[in-house]
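My notes are in the order in which I checked things.

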Amino acid sequence: MTNVISFPKPGITLNVSRIAFHIGQKEIYWYALIILTGFLAGLLLASHGCEKRGIKKDNVWDIALLGIISGIIGARIYYVIFSFDEFRGDIMSIFKIWEGGLAIYGGIIGAVIAVCIYCRIQKINILNALDVCCVGLLLGQCIGRWGNFTNCEVFGRETDFFFGMSINGAPPVHPLFLYESVWSLLGVILLLMFRDKKQKNGQVFCAYLFWYSSGRLALEGMRDTNYILYLIPGVLGISQLVAALLIIFAIVSFVFVTKSDKPYFEKLPGIKADNTRTMKKEVP
């Protein structure tokens, strides 16, 4: 399971094994460790200083736990819906997530739904909670993409670009994991600069959706066709469509929450009506 990954033009060559170590006969994969590292790093970032932004640290940890569970479920459902032909002969394989097949947009949708339900039950402002947590989510995505590197998967088309990546001597391809990781890291920095300057709850989350989806829209067009979930075979990828729709949604929502005098979720039972940057009443 060791692959030779090289970047010919910079002159870098690495022997990369998918397996990090063994516990008895059990193989522990780098992919799982990297995803776990991304989750923990994102959680620590989101929980740091969260109380001064109106969200208790315990609530952030609850949201993170619910988010990762619902995110995995959502990511799998999304993948299965648009790749159902893979499972027609063996329906039970739908549940074998360890064999791969998770779509990040499905994960985001699943996590957001869980956050909304949790916040409604706990009487927490939904938009403020999303603002607090989305920066940590983007950091987790930034780190998690390196799991694709260790698995030698989700790469782009052949290229002569300086950072072209060769896998086991094959022609260089775009290292999309690297592009997306760098784009996400830049997004984390920008969101951290913006979150304490926001005027209304929801602005940071809208900025997150716009930033991530803009990068994803560009990178989807560079993917190897084997890693594209097509809505229209060979023409339109589902993630391209979702990214474009989310960019529009993010812009419209940002304008809406900025100009609105009342929060979007004000009328829902149990939701705090405050839509400003500070929420002192929720701080213990």
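The entries below go from the whole chain to single elements.

**Basis.** I am working with a predicted model, in which local features need pLDDT of at least 70, side-chain atom pairs count only at pLDDT 80 or more, and totals for chains, interfaces and linings use all residues. Residues are numbered from 1 along each chain as its sequence is written, and side-chain values use heavy atoms, with hydrogens and water left out.

**Whole chain.** I found eight helices and seven strands; helices (H or I, at least four residues) and strands (E, at least two) are DSSP runs, numbered from the N terminus. Of the 284 residues, 46% count as buried, meaning under 20% relative accessible area with a 1.4 Å probe and protein chains only. The accessible surface is about 15200 Å², and 67% of that belongs to carbon and sulfur atoms (Shrake-Rupley method, 1.4 Å probe).

**Open sheet.** I looked up a three-stranded open sheet and read its order as β2-β1-β5, with antiparallel pairing. Strands pair if DSSP finds at least two bridges between them. β2 (12-17) and β5 (166-167) are the edge strands, each with a single partner, so one side of each has no neighbour in the sheet. β1 (residues 2-7) is joined to β5 by two bridges, and Ile5 stands opposite Ile167 there.

**Hairpin.** I then went to β3 (residues 19-23) and β4 (residues 26-29), which run antiparallel and are joined by four bridges. Ile23 has Lys26 as its bridge partner. Two residues lie between these strands, and Gly24 takes a positive phi near 65 degrees.

**Helix α1.** I checked the length of α1: its 18 residues should span 26 Å at 1.5 Å a residue, and the end C-alpha atoms are 26 Å apart, so the two agree. The expected span is 1.5 Å times one less than the number of residues. Its buried residues are Ile34, Gly38, Gly42, Leu43, Leu45, Ala46 and Ser47. Their cover includes α2, α4, α5 (146-151) and α6. After α1 comes Gly49, with a positive phi near 75 degrees.

**Cores.** I defined a nonpolar core as buried Ala, Val, Leu, Ile, Met, Phe, Trp, Tyr and Cys residues joined through side-chain atoms within 4.5 Å. The largest has 42 residues, of which Cys119 and Tyr208 touch the most other members. α4 gives the largest share of this core, nine residues. Another core, of eleven residues, lies apart from it and includes Phe149, Cys152, Phe177 and Leu178.

Conventions: Buried means under 20% relative accessible area, exposed over 50%, partly exposed in between (1.4 Å probe, protein chains only). Contact means heavy atoms within 4.5 Å.
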